[in-house]
Amino acid sequence: MTRMRTLNNQLFFNRWKMINLVFLINLMAFGIVMLIDVVSNKMTFKLVMFDKWYMYYMLLTFVAYLVTWVLLAKDNEQVLFSSKYRMIPITEWKLYLSNMLSSLLALIYFWFLEGIVNTIFGSIQANHFLVGNALTSILYTKAYYKLPNVDMTVRSFIIGFLSITLVWSIVTLVHFLISLISDKFALKKKRVIKYVLYFLITYICLMIFNSTVSGVFVLMYGDGFNVLEKINSMLLTSIFIFIGWIVVLTLINIYLLKKHIETDY
Amino acid sequence: MSNVLKIEELNYKKGGKKILEDVNLKLDSGKIIGLLGENGAGKTTLMRIIAGVNSVSEGVITVNGNTKKILIKENVSLSDHLDGFKATNKISEIVHFYNAVYQDFSITKYEDIANFLGLDMTKKLAALSTGTRGKLVIALTLARSAKLYLLDEPLSGIDSISRKKIISSIIRWKDDDSTIIISDHYVTAIASLLDEVVIIKNQKIRDLIPVEQIQSDYHLGIEAYYEKVYLGEIQ
Amino acid sequence: MEYIENIPIYLQIKDYLEEKIITESYSLGEQMPSVRQLALELAVNSNTVQKALKVMIEEGVIITLRGKGNFVTENAAIVEELKNQIVSETFDSTYDKLHLLKMNNQEITNSFSNYVKQKEKNFE
């Protein structure tokens, strides 16, 4: 029997390489942007440019996040549909969990890399604080140096993390259902039906999800949202709702993987 | 002799179509069995069902006394066409993966086979010819020490020199108590290897027949027998 | 080695090995190659080689020594007998066929010696 840790290492290593590549491209694109800026300013360097660069960097990072998210989701799906992994003597739930786990680890690794760059920017900015413009002052002072509530930050972070897991779980479920339906019935125009199903199932999932979340919030905080102290406990509730949904989806997915889902190649 | 593989009442559908129907099969260990049938007859599907990669909706598969999927996967080495690997993967990376995830994978056995077949560890998957890729698949599959090896068309599209090498490596590295099922639609190349033959036709399996029985009862070679079965001249 | 498709391979291998023993490629008392070696050399399954050897062991042409392997018999009479057997098997069908052509024994002998002479001539 293959150990879960072994599989984890294998899966994570591939994604680790992928993340490094994305990060490298991100940095290179950023380097090019800086270079273009310096060249078009007749090779003079002003500290004001630095603020502009930071904005560019944020923008590029945002794109990189999206790319990473999509690449990881794609890889996550491919593993479950590939003989390369399905042949391995490991139970379906271990395969599923280590697949999800290594995707999440890869994402954390990406956050970590971006965090390093951000810290570098932050420290440069802090040293030249007076020269910076108003926007960056607000960004740094508020976001980095005057965190109002550590607890809340941690909770928001967890929420971000969980929502990504949740969306990946939904994507997997959609993918599984599509594969299940096209396996059971002879479908003509498979591609068209595939995309229709994709939209339909995603829509249904979002609807169900949305109504539960808002339902719970209305029940718990029906007396109004704008009380600041309540935001924190609201985040906590969201965390529980998210976890509940992830657990349910994971169980359904593992059941489908075990009983019905076959490899594409 | 014990049954290394037992298939009972297997039915399998995909996309609303029957692929396999009422499959029953018992294989003794230690033999080399040819799984013959036209392209699309369900040879690959049957192998993947046995290996636990495809799911069984109806029927029971028993490998070496095990019915649990995970234990079956431990006992079966299926030849994977390596489509799950990236084109940029080096052979060494693929070997490393196999070595990590299969506990019964022997790196020394792999190296012996790879040396015999002349595989170069530093080459990338995309750079391999069909023949070399076929050799890699065989080396990876045989380097596990399984009870049952499933070789899915190991010789298809492969030149005659590589074919001979692959056949030699199968003879050389098969343990006496392990069993090999080889599927092919080009029979002659593997004819001299086979102890027994299973033919898939019209979603059904014809009984297992020893090659010597084909020769002594029908006075036919495997190829001729197979053709006659397909043409309906032998029931 | 090329095989005739509709004749059991183990019989063809048996013929091949017997020929090697008679022509002393494997001499009396010599150890035979291992089953796997033979299987590789002949490009067949080792079960098939095993089967051919089993028949030859039953006929006494090959002797198994426990833990040592298979050896060609040391008894020259057995090999001689084997050779005679093959010779008569080869002639059997020819003789029957010529007999069907209403040739008598003298005619058959004469025609065969003519045939051999012709062969020698062609060879020169």
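This is a guided tour of a predicted model, taken selection by selection.

Residues are numbered from 1 along each chain as its sequence is written, while chains are lettered from A and ligands numbered from 1 in the order in which they are written. Because the model is predicted, local features need pLDDT of at least 70 and side-chain atom pairs count only at pLDDT 80 or more, whereas totals for chains, interfaces and linings use all residues.

**Chain A**

Begin by colouring chain A in two parts, domain 1 (1–146) and domain 2 (149–264), with bounds that come from an automatic or database domain assignment. The contact between them takes 15 residues from domain 1 and 13 residues from domain 2, two residues being in contact if their C-beta atoms, placed from the backbone, lie within 7 Å. On the domain 1 side, select α2 (47–80), α3 (83–86) and α4 (92–127) of chain A, each of which supplies at least two residues; helices (H or I, at least four residues) and strands (E, at least two) are DSSP runs, numbered from the N terminus. The largest share of that side, seven residues, comes from α4(A).

**Where chain B meets chain A**

Next, show chains A and B together: their contact takes 20 residues from chain B and 25 residues from chain A. On the chain B side, α2 (69–75) and α3 (91–101) each supply at least two residues.

**Chain B**

Now select residues 5–227 of chain B, which an unreviewed UniProt entry lists as "domain: ABC transporter"; UniProt positions are given in the numbering used here, feature names are shortened, and annotations may be inferred rather than shown by experiment. Over this range the chain is 35% helix and 26% strand, and the end C-alpha atoms are 26 Å apart.

Zoom in on strands β1 (residues 3–14) and β2 (residues 17–28) of chain B, which run antiparallel and are joined by eight bridges, where pairing requires that DSSP finds at least two bridges between two strands. Within this pair, B:Ile7 stands opposite B:Leu25 in β2(B), and in the hairpin, which has two residues between the strands, B:Gly15 takes a positive phi near 55°.

Move on to B:Asn64, in the loop between β4 (58–63) and α2 of chain B, which has a positive phi of about 55° although it is not a glycine. B:Asn64 is partly exposed, because 19 other C-beta atoms lie within 10 Å (buried means 20 or more, exposed 12 or fewer, and partly exposed in between, with C-beta atoms placed from the backbone).

**Chain C**

Finish at C:Lys102, in the loop between α4 (76–100) and α5 (105–123) of chain C, a residue other than glycine with a positive phi near 65°. C:Lys102 is exposed, with 7 other C-beta atoms within 10 Å.
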